[in-house]
Amino acid sequence: MTNTEKLQQTFATALAIDINRITDELAYNSIKEWDSTAHMILVAELEATFDILLDTDDIIDMSSVAESKRILAKYDLRFD
Amino acid sequence: MSTATKPLALITGASRGIGAATAKQLAKQGYDLWLVARNPDLLADQAEECRQHGSSVTTKTLDLTDSQSLKVLFQELQKEKRLHHLVHCAGFMLDKPLMMTSLSELQHLYTIHLQATFQLCQLASRLMTRQRFGNLVLLSSKVASAGSAGQSAYSSVKASLTGLTLSLAKELGPVGIRVNAVAPGLIETNLTEHYSEEKKAELIEKIALKRIGQPEDVAQIIGFLCSPAASYMTGQILGVDGGFSL
Ligand SMILES: NC(=O)c1ccc[n+]([C@@H]2O[C@H](COP(=O)([O-])OP(=O)(O)OC[C@H]3O[C@@H](n4cnc5c(N)ncnc54)[C@H](OP(=O)(O)O)[C@@H]3O)[C@@H](O)[C@H]2O)c1
């Protein structure tokens, strides 16, 4: 699985939504499924999937799928 | 129980006092342990005792007021791929009147008791969220609710843990994490060692059970909070004070 596929799968699992709804534009609080509890689960799942520990500032900035890719790139992960 | 299925507990302040007694208690309950404090020799002694109960024990020597060290601790801990319990016992007491407390002393007290507690809860809850299960136990004090002349800085920071415990219980409950605190009264540890015999006798008079508590008295309640018997309990501050009225 590529990192992009892993990311999409992790978002779909954490937000409990269909993987087809995971687009770069999808943003925190823009759908009812991505609320603060789901955000907590998302952060924990992303850390588990990519085996990283995110900085608090990065968690605060993780406001959309596109932003997540940008932030995760700082942890030596590539998203094509 | 195989190692993979054993619950894992991270205990801070495990080199002595309530933290050390908690380590032994949780070892007896069959848990694996990560023990944290600054003194490596005392930690090694505690670890050895816990291993005799069959626990796998990892010790980490670090100063919890250093936020970067705490991050590194969790980077290492996440390799375990499990964390079930955090018991945050590390701390110290400042016995000083309002007029005699410097702002830097206040700052130091807040760094260990509130900032480190907050950061520990942040990091531990993220590991626990992965497994949708976890248990945070914080150390408050009788003085948080009763107040104590000469301990305004200490009692105020301990009181802040009440808000933290109650709020986190609500915030983390949906992902299966319980948050409780224990509020010990007068317990015989290094923290209260400087009390004169006269002062101790005076305090014992105010304790319904007429004795100073032992670290094990608190550790057993923490052991209960970390057991399946407490699985429907969250947002509680449990007094362990022998009926102390300040
Ligand atoms: N004893 C009481 O009567 C009483 C009453 C109410 C509440 N409490 C609370 O219970 C908790 C435990 O107290 P205790 O009585 O067990 O005290 P203690 O015997 O003095 O033990 C304190 C522990 O905290 C560790 N510690 C202190 N500063 C640290 C730092 N900066 N970084 C890492 N570890 C640090 C110490 O280890 P190192 O020195 O090796 O680092 C030691 O293991 C504290 O939060 C205290 O406020 C105690």
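Which protein side chain has an N or O atom 2.9 Å from an oxygen atom of the ligand? Select K158(B): an N or O atom in the side chain of K158(B) sits at that distance. Keep in mind as you click around that this is a predicted model.

**Stop 1: the ligand**

Stay with the ligand and show S15(B) next. One of its polar side-chain atoms is 2.7 Å from a ligand oxygen atom. On its own the ligand would expose 890 Å², and the protein buries 96% of that. The ligand sits in the largest pocket. Colour helix 1, helix 4 (103-131) and helix 6 (152-172) of chain B, and you have the elements that each give two or more residues to the shell around the ligand. There are 30 residues around the ligand, and the ones that come nearest are S15(B), I18(B), R38(B), Y154(B) and T189(B).

**Stop 2: T22(B)**

A polar atom of the T22(B) side chain is 2.7 Å from the backbone oxygen of I18(B). Is T22(B) buried or exposed? T22(B) counts as buried because its relative accessible area is 0%. To see what surrounds T22(B), select I11(B), V87(B), C89(B), A219(B) and I222(B), its contacts once neighbours within four places in sequence are left aside.

**Stop 3: H84(B)**

Now pick H84(B), in the loop between helix 3 (67-77) and strand 4 (85-88) of chain B. Its side chain reaches the backbone nitrogen of L8(B) at 2.9 Å. H84(B) is buried too, with a relative accessible area of 17%. Beyond neighbours within four places in sequence, its contacts include K6(B), P7(B), M128(B) and F133(B).

**Stop 4: over to chain A**

Jump to N29(A), in the loop between helix 1 (3-15) and helix 2 (36-50) of chain A. Check the backbone here: N29(A) isn't a glycine, yet it has a positive phi of about 70°. N29(A) is exposed, with a relative accessible area of 54%.

Finish at D76(A), in the segment after helix 4 (65-73) of chain A. What is phi for D76(A)? It is positive, about 65°, although D76(A) is not a glycine. D76(A) is exposed as well, at a relative accessible area of 73%.

Methods: Residues numbered from 1 in each chain as written. Chains lettered and ligands numbered in written order. Predicted model: local features only at pLDDT ≥ 70, side-chain atom pairs only at ≥ 80, totals over all residues. Heavy atoms only, no water. Buried < 20%, exposed > 50% of the residue type's maximum accessible area, 1.4 Å probe, protein only. Polar contact = N/O pair within 3.5 Å; in protein donor to acceptor, adjacent residues only side chain to side chain. Contact = heavy atoms within 4.5 Å. Near = heavy atom within 4 Å. Areas by Shrake-Rupley, 256 points an atom, 1.4 Å probe, with all protein chains shown as cover. 1 Å grid on protein atoms, 1.4 Å probe; cavity = no way out; pocket = protein on both sides within 12 Å on 5 of 7 lines; lining within 4 Å. Sits in = over half its atoms within 2 Å of the grid points. Helix = DSSP H or I, 4+ residues; strand = E, 2+ residues; numbered from the N terminus.
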